[in-house]
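Student: I would like to learn how to read the features of a model. Please take me through one.

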Amino acid sequence: MQTSAFDPIVMRQAHIGRSLRQVYNGVTDTPLPDQFESLLDELDKIGATAASR
């Protein structure tokens with residue numbers, strides 16, 4: 001089965017890929033809220049304390 005660049009399925013897949021890439025880039029460029037970052041720091045401290053026992 002041969003497909004061309006104008007195949008509707010190929011065009012739809014390319015559009016989905018571009019859309020997913022835009023969403024991913026938007027999420028990864030968004031900074032963490034301060035409260036969430038503080039919570040992660042506290043969990044890291046708890047994990048380090050538990051690991052050292």
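Tutor: This is a predicted model, where local features need pLDDT of at least 70, side-chain atom pairs count only at pLDDT 80 or more, and totals for chains, interfaces and linings use all residues. Residues are numbered from 1 along each chain as its sequence is written, and side-chain values use heavy atoms, with hydrogens and water left out.

Student: How many helices and strands does the protein chain have?

Tutor: Helices (H or I, at least four residues) and strands (E, at least two) are DSSP runs, numbered from the N terminus. The protein chain has two helices and zero strands. Its radius of gyration is 21 Å, well over the 10 Å that the globule rule gives for 53 residues, so the chain is more spread out than a compact globule. That radius is taken over C-alpha atoms, and the rule is 2.2 Å times the number of residues to the power 0.38. Along the principal axes, the C-alpha atoms fill a box of roughly 60 × 25 × 10 Å.

Student: What share of the 53 residues is buried?

Tutor: Buried means under 20% relative accessible area, exposed over 50%, partly exposed in between (1.4 Å probe, protein chains only). Here, buried residues make up 2% of the 53.

Student: Why does L43 count as partly exposed?

Tutor: L43 counts as partly exposed because its relative accessibility is 47%. L43 lies in helix 2.

Student: And where is D41 found?

Tutor: D41 is in helix 2, residues 34–51. D41 also counts as partly exposed, because its relative accessibility is 42%.
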